[in-house]
Amino acid sequence: MRRRAFITLLGGAAAWSLAARAQQPAKLATIGFLGSGTPSAWSPWTAAFVQRLRELGWIEGRNIAIEYRWAEGRTERFTEIAAEFVQLKVDVIVTTGAAALAAKQTTSVIPIVFAVANDPIGSGLVAGLARPGGNVTGLSVQARDLAGKRLEFFREVVTDLRRLAILANVGYAAAVLEMGEAQAAARSLGLEVVTLEVRRAEDIAPAFEALKGRAQALYVVSADPLLITNRIRINTLANIARLPKITTQREFVEAGGLMSYGPNYSSLFHHAADYVDKILRGAKPADIPVEQPTKFDLVFNLTTAKALGLTVPESFLLRADEVIE
């Protein structure tokens with residue numbers, strides 16, 4: 001082959017290689033989304049998260065990919081899923097409380113954002129709120145601090161309340177902490193307290209069976225995957241037993257529970273997208289402060305109240321952020 005022809009051929013091959021490389025799509029930034037519950041239970045929160053990402057310019061399939069994995073209330077799945085995300089080399093992991101701790105124990109490199117955590121310092125997720133340190137940051141829900149306020153609202157509706165049952169998944173560390181706070185708050189109000197401790201879905205029905213005649217109302221420590229996943233069963237059993245019920249999360253009330261007081265989880269997941277945006281643009285989790293919610297929603301189900309024969313003061317309903325009828 002003549003030298004000029006060879007150079008021409010070589011130049012053409014190089015140009016083709018550059019053009020082909022330019023046509024190849026860049027690797028999408030990848031989020032590993034570890035849901036501790038089920039897709040249906042988490043759908044409002046997932047939607048809020050994705051909506052905020054879009055507002056920030058992150059469009060799924062265009063410049064970002066989201067790998068969803070669901071533990072369906074089984075805490076033993078947290079570590080398995082986190083390990084899978086490490087294998088996939090995701091750019092950031094988004095999850096909640098105990099799952100975030102499992103992820104942190106699995107990787108010290110991949111940034112982790114928790115949309116919800118009850119006690120991020122006490123659980124070892126972060127070193128401090130202002131400067132989290134390490135590879136983890138997110139949003140704290142201050143669940144334990146709100147237990148007393150919940151009981152104050154509860155007594156406005158259940159005016160003759162003297163005996164209170166507290167249901168908690170004692171296999172979940174944050175739930176145990178909130179249960180202790182609720183017990184202390186109840187006793188300071190002069191209430192007798194019965195605790196119902198569960199660890200598996202199979203424990204829920206026997207716990208209600210053992211409760212018969214021992215309480216007038218129920219406080220559900222709901223910030224854990226097991227009870228959230230089984231909220232319809234818990235509501236059904238409580239309503240059959242004619243036990244008014246207060247919880248942390250509005251999702252219980254939407255599914256037929258009586259009332260809830262706590263942070264708006266959809267809002268928290270919406271804000272978690274801001275954390276992801278900062279990290280994907282180069283910020284380090286160690287330098288992004290953990291934030292705490294400033295607004296708390298009081299949600300009330302008037303239909304359930306009527307079914308339980310409760311007379312609710314109009315003044316209470318006017319203060320509720322949402323009344324479900």
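## Confidence, sheet and salt bridges in a predicted chain

Over residues 18-24 the pLDDT stays under 50, and the model has zero contacts beyond four places in sequence for this stretch. The model is a predicted one. Where pLDDT is low, the predicted coordinates should not be read in detail. For the chain, the average pLDDT is 89, and 90% of the residues score at least 70. Confidence is lowest in helix 1 (residues 3-23), where the mean is 48. At the other end of the range stands strand 2 (residues 64-70), with the highest value, 98.

Seven strands form an open sheet with mixed pairing, in the order 7-6-8-9-10-11-12. Strand 7 and strand 12 (322-324) are the edge strands, and each pairs on one side only. On average, neighbouring strands of this sheet are turned by 20° against each other, with direction ignored.

Two helices pack on this sheet. Helix 6 touches strand 6, strand 7 and strand 8, and its direction makes about 170° with that of strand 6. Helix 7 (residues 204-211) also packs on the sheet, touching strand 6, strand 7 and strand 8; its direction makes about 155° with that of strand 7.

Strand 6 (residues 163-169) has six of its seven residues buried, so it is mostly covered. Strand 6 and strand 7 (residues 192-198) run parallel and are joined by seven bridges. From strand 6 the chain crosses through helix 6 (residues 173-188) to strand 7, a β-α-β crossover that is right-handed. Within this pairing, Arg163 stands opposite Glu192 of strand 7, and Ala165 has Val194 of strand 7 as its bridge partner. Strand 6 also pairs with strand 8 (residues 217-220), again in the parallel sense, over four bridges. There, Tyr219 of strand 8 is the bridge partner of Ile166.

**Salt bridges**

Side chains of opposite charge can pair when their charged atoms come close. The count for this model comes to 17 salt bridges.

| Arg69 | Glu67 | 3.2 Å |

Arg250 counts as buried because its relative accessibility is 15%, under the cut-off of 20%. Glu322, with a relative accessible area of 29%, is partly exposed.

Asp297 is buried, at a relative accessible area of 7%. Salt bridges that share partners join Arg250, Glu254, Lys295, Asp297, Asp321 and Glu322 into one network. The network therefore includes Asp297, which is buried, and Glu322, which is partly exposed.

For the pair of Arg69 and Glu67, the closest N and O atoms are 3.2 Å apart. Arg69 counts as buried because its relative accessibility is 18%, whereas Glu67, at 29%, counts as partly exposed.

Key
Residues numbered from 1 in each chain as written. Predicted model: local features only at pLDDT ≥ 70, side-chain atom pairs only at ≥ 80, totals over all residues. Heavy atoms only, no water. pLDDT = per-residue confidence, 0-100. Contact = heavy atoms within 4.5 Å. Buried < 20%, exposed > 50% of the residue type's maximum accessible area, 1.4 Å probe, protein only. Pairing = 2+ DSSP bridges. Right-handed = clockwise from strand over helix to strand, strands pointing away. Axes fitted to C-alpha atoms, helices over the stretch in contact; angles between N-to-C directions. Salt bridge = Lys/Arg side-chain N within 4 Å of Asp/Glu carboxyl O.
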